[in-house]
Amino acid sequence: MYQEIIKKSEDDFKKAVEYFKEEAGKLRTGRASASLVENLPVDYYGNKTPLKQVASINVPEPRLIVIQPWDTDSLANIEAAIKMSELNLNPNNDGQVIRINIPALNEERREELAKVLNQKAEEARISIRGIREEIWEEIQEMEKAGKITEDDKFQGKERLQEKVDDYNKQVEDIREKKEKEIMTI
C-alpha cells in the first residue's frame with residue numbers, strides 16, 4: 001500500500017530533477033544563448049511574463065544576445081529584469097533593442113557560476129526532501145489508521161529513502177557535469 005504512495009510521487013521527484021536540469025542549462029559558459037534569458041520574468045502590463053513571450057531573442061554572434069521586444073514600451077522592464085537576475089549581465093538599451101555582450105569567462109566569473117549552480121542544486125535537494133516528508137507523513141498516517149503494519153511503515157521508509165537517494169544522485173551527477181563544463185571552458 002505504501003508502494004502506491006511512493007509510486008504516485010515519482011512524477012514530483014522527476015519534476016524536481018528536471019527543473020534543476022533546466023536551471024543548470026541556463027548557466028551558459030561564456031557563449032551567448034537565447035536560453036540564458038528566455039525565461040526571465042519580465043513585468044509586462046502588471047504580469048510577470050517570460051521574456052520569450054514579450055520579445056524576440058536572437059544570437060547573431062557567439063558573444064552577443066539581441067532582444068527586440070514586440071512593444072518598445074517594455075524595453076525598460078526587460079532591461080530591469082536582466083539587471084535583477086542572477087546572471088550578472090549588463091544590458092545595453094538603445095531605444096529599439098537590448099544588446100547583451102556575454103563576457104569571456106574569467107576565473108572569478110567561473111566561480112560565481114559554480115556558486116549559482118550549487119545553490120540551484122541545493123534548491124533541488126530541498127524540493128526532494130520536501131516531497132519525501134509529505135510521503136513519510138502519509139505513510140505514518142496509514143499506520144495510525146491501521147491500514148499498514150509498523151513493519152510496513154519502516155519498510156516504506158527504507159524504500160522511500162532509496163528513491164530519495166537515487167534522485168539526489170541524479171541531481172549531483174548533473175551538478176558535477178555542469179560544474180566541470182563551467183570550470184574547463
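**Close-up views of a predicted model**

**View 1. Helix H2 (residues 10-26) and helix H4 (residues 107-144) cross at roughly 170°, their axes coming within 10 Å.** Helices (H or I, at least four residues) and strands (E, at least two) are DSSP runs, numbered from the N terminus; axes are lines fitted to C-alpha atoms, for helices over the stretch in contact, with angles from 0 to 180 degrees between N-to-C directions. H2 and H4 are therefore roughly antiparallel to each other (angles over 145 degrees). Residues in contact (heavy atoms within 4.5 Å) include Phe 13, Val 17 and Phe 20 of H2 and Leu 117, Ile 128 and Ile 131 of H4. This is a predicted model, in which local features need pLDDT of at least 70, side-chain atom pairs count only at pLDDT 80 or more, and totals for chains, interfaces and linings use all residues. Residues are numbered from 1 along each chain as its sequence is written, and side-chain values use heavy atoms, without hydrogens and water.

**View 2. An open sheet is built from four strands in the order S3-S4-S6-S5, with antiparallel pairing.** Two strands pair if DSSP finds at least two bridges between them. Strand S3 (55-61) and strand S5 (91-93) each have a single partner strand and stand at the edges, so one side of each lacks a neighbour in the sheet. From one strand to the next, the twist averages 25°.

**View 3. Strand S4 (residues 64-69) and strand S6 (residues 98-101) run antiparallel and are joined by four bridges.** Val 66 has Arg 99 in S6 as its bridge partner.

**View 4. Helix H3 (residues 75-84) lies across S3, S4, S5 and S6.** The helix runs at about 165° to S5.

Note on methods:
Angles under 35 degrees count as roughly parallel, over 145 as roughly antiparallel, 65 to 115 as roughly perpendicular and the rest as oblique.
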